[in-house]
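Here is a short walk through one model, from its ligand sites to its core. Keep the 3D view open as you read.

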Amino acid sequence: MRAARRALDTNQQRVTGQAIVNRLSRHPALCGAKHIGLYWPMDGEVDVRGLVQRHPHKRFYLPVLPHAPHPQLRFVHWRGQALTYRNRFQIPEPVHGVSHPPARLDLVLMPLVAFDPSGARLGMGAGFYDRTFWIQRLLPGAGPRLLGIAHQLQCVEFLPTDSWDIPLHGVVTEQHSYHCR
Ligand SMILES: Nc1nc2c(c(=O)[nH]1)N(C=O)[C@@H](CNc1ccc(C(=O)N[C@@H](CCC(=O)O)C(=O)O)cc1)CN2
Ligand SMILES: Nc1ncnc2c1ncn2[C@@H]1O[C@H](COP(=O)(O)OP(=O)(O)OP(=O)(O)O)[C@@H](O)[C@H]1O
């Protein structure tokens, strides 16, 4: 899946990113949200950073990697500006900026490697998002709505899950909006 999404050319990437930004802009989960977790795309992930210019009255946050002993991602306010600092995976992070408690975000747009229509998510394998939103396993209604963002080619029929995997509420691709729970 990672090779397949990396193989998409710049134009396909741009068209998909714009289609998903348009789809999201009409999505009830985004319309009702003020504080939104975003991500800086890498490795062929869909680029939905255009949302920041499109929705100037909403607040967007980027994930910042935790340092031991903290297990959770931090979400730091980002206004769409260029960033110079890169983390150990070479992903840009806003170093100055206010963080927002993850549980109090309204919506988190989550990168993923593969998903299935029931809302199972395969990530990069570090468990960052699962550890950050683990409370949803105990209290399924708690915390932000979690929406996966993906190319349609990342959809598989069935993904096996582990006990710690947090299911997605939905997934948005350039072709569909999946409602999962
Ligand atoms: N854009 C984006 N940001 C994100 C994530 C993500 O999946 N996408 N994450 C989601 O959790 C967190 C970062 N997690 C990551 C986990 C592994 C690798 C990675 O590149 N792993 C390499 C091995 C690198 C190494 O060991 O040094 C690999 O698998 O090839 C990158 C990000 C937070 N930010
Ligand atoms: N709530 C948790 N508490 C402690 N460890 C956890 C928790 N959730 C996940 N982990 C650990 O994280 C590891 C990676 O999880 P997994 O393979 O599901 O990551 P992923 O969802 O693909 O990655 P990511 O969210 O970083 O993209 C697991 O081996 C598990 O031990």
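Ligand 2 is surrounded by 14 residues. The closest are G123, G127, Y129, D130 and W164. Helix 5, residues 128–132, gives the largest share of this shell, with 4 residues.

Now turn to ligand 1. Its surroundings also come to 14 residues. Here the closest are F89, P111, M124, A126 and F128. The shell around ligand 1 holds 12 nonpolar residues, 1 polar and 1 charged.

How far does the predictor trust this picture? The model is predicted, not experimental. Its average pLDDT for the protein is 97. A score of at least 70 is reached by 100% of the residues. For the model, ipTM is 0.94 and pTM is 0.97.

The largest nonpolar core has 33 residues. Within it, V48, L107, L109, M110, L147 and I149 touch the most other members. Which elements give two or more residues to this core? They are helix 2 (10–25), helix 3 (28–31), strand 2 (59–64), strand 5 (107–110), strand 8 (145–149) and strand 9 (170–172). Strand 5 supplies the largest share, 4 residues.

Key:
Residues numbered from 1 in each chain as written. Chains lettered and ligands numbered in written order. Predicted model: local features only at pLDDT ≥ 70, side-chain atom pairs only at ≥ 80, totals over all residues. Near = placed C-beta within 6 Å. Nonpolar A, V, L, I, M, F, W, Y, C, P; charged D, E, K, R; others polar. pLDDT = per-residue confidence, 0-100. Core = buried A, V, L, I, M, F, W, Y, C linked by C-beta atoms within 7 Å. Buried ≥ 20, exposed ≤ 12 C-beta atoms within 10 Å, placed from the backbone.
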